[in-house]
Amino acid sequence: MIKRSFLGLAKPRLQYNLVPDPIQELPIPGTVTLLLKEPQNGGGATALKVGDAVKTAQRLAASPDSAEYVISSVTGTVSAMAPYIDAYGQKYTAITIQASGQDDWDDEFKKEQTIDTALKFFEYAPGSPSFKPFADPEKSIRTIVVNGMDQDLLLTANQYAVQNEAAEIKSGVQALRKMTGVDRIVITVPDILVQQANTTGAEVKTVSATYPDGLPHMIMKEVVGQVVPGGNTPEDQGVSFISAEAAAALGAAFETGQLRVTKVVTVVGKDGKTTNVRTRIGTPLRDVLQACNVSLNDRDRLILGGAMRGAATYSVDLPIEPRTDGIVVQDEADSAQTTNYPCINCGECIRICPVKIPVNMLVRFLEARLYEDAAAMYDLECCIECGLCSYVCISRIPIFQYIMLGKYELGLIKTAEAASA
Ligand code: SF4
Ligand code: SF4
């Protein structure tokens, strides 16, 4: 998170980066680590063991009929398998593969444009698309939004895709229509990418370059014309979002017959300089930082994701995931540390919140771990996760982190209640 006080100033207008940097292609790394989510009914990656040979684009699942899987981004040998738990308690098996340096492509993927193919091969595509809502009988998806906007300041993976891969997105749009049966496919872009977006075969809508207008909930309100009620998702309203990078990956796979196993990542160095790299999914952060000549000293801050919504992390051994759009490195001297100062009721967080949540009250309940009360009385579930409240907080309370943890804990409470009902 970047932090700066705007007390006494007008509401800040934070602008997205609108000129994607050229891509620096990184070589195949020595190892990749793929995080395989633990299936809901428990159990690790039982179908795989250390010493197994894997091919590039091979599907690695916990068991043959498991919905959870990863796609190997290299050819090589499984060298380690270990449990991994993320910041919110989600359990994974971390599968490390020693890469051979050359690709031997797996041929299980066939160019059949069905929802089963999407579920089986594209849930681990760059950009982390989700096709589960299309197979959910309780959801009725009528519109797909291909989002060409990036999800945080400084990041440009999606704009890069629109600018440079409009032909692949066009193929992706055709495949999406065929696989899902959804006719209305919209692509959202900033003004400067309208020309490229017009060639994709999707209905073009422009989005302002002011953060957070590119986030799905804002697009739902301003472009689709529907407000997503607290606790609901766009899918509950019949709208599914897919990133432009994911749409391009889909199109490229159906054109070439090869799944895309790379991810575009924007690296933001300590001086604010941005570099776009394309690297294999699973590449250790260390390799990416090294390639971009970004050094990391003790107490510097390493953030996965973007400056507003990203999560600080602790290890350069962690891998690039399909959803990793950015890596931000902040010098210790520039990264304002969070504090345990109390809220002084300045009201800045409420003024800047795009959904007008009484953040000052919400954070008190979250600090006290009263998650259900925070949802019932102070709109926890209405939060669209923009991070602006943290950005302006004079007391430097880690509000965004409290909110993310609160939502996660609330989800666990609801799941436990549903299971015992
Ligand atoms: S992150 Fe903060 S500012 Fe953004 S919607 Fe949530 S409460 Fe409001
Ligand atoms: S949490 Fe309190 S101190 Fe921080 S911005 Fe909101 S009102 Fe001000």
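Here is a short tour, from the domains to a ligand shell, a sheet and a helix.

Before you start clicking: this is a predicted model, where local features need pLDDT of at least 70, side-chain atom pairs count only at pLDDT 80 or more, and totals for chains, interfaces and linings use all residues. Residues are numbered from 1 along each chain as its sequence is written, while chains are lettered from A and ligands numbered from 1 in the order in which they are written.

**Stop 1: domains**

Colour 29-99 as domain 1, 115-256 as domain 2 and 348-420 as domain 3; these bounds come from an automatic or database domain assignment. The C-alpha centres of domain 2 and domain 3 are 27 Å apart. Their contact takes six residues from domain 2 and seven from domain 3, where contact means that the C-beta atoms, placed from the backbone, lie within 7 Å. On the side of domain 2 that touches domain 3, you'll find three nonpolar, three polar and no charged residues. (Ala, Val, Leu, Ile, Met, Phe, Trp, Tyr, Cys and Pro count as nonpolar, Asp, Glu, Lys and Arg as charged, and the others, Gly among them, as polar.)

**Stop 2: ligand 2**

Now select ligand 2 and what surrounds it: 16 residues, the closest being C343, C346, C349, N360 and C393. A residue counts as near if its C-beta atom, placed from the backbone, lies within 6 Å. By class, that shell has 11 nonpolar, four polar and one charged residues. Helix 9 (348-352) and helix 10 (359-367) each supply at least two of its residues, and helix 10 has the largest share, three residues. Helices (H or I, at least four residues) and strands (E, at least two) are DSSP runs, numbered from the N terminus.

**Stop 3**

Next, pick out six strands in an open sheet, ordered 1-13-12-16-14-15 with mixed pairing; strands pair if DSSP finds at least two bridges between them. Strand 1 (23-25) and strand 15 (311-313) are at the edges with a single partner strand each, so one side of each has no neighbour in the sheet. Zoom in on strand 14 (301-304) and strand 16 (326-330), which run antiparallel and are joined by four bridges. Here R301 stands opposite Q330 in strand 16.

**Stop 4: N164**

Finally, select N164, which is found in helix 3.

Note on methods
Two residues are in contact if their C-beta atoms, placed from the backbone, lie within 7 Å.
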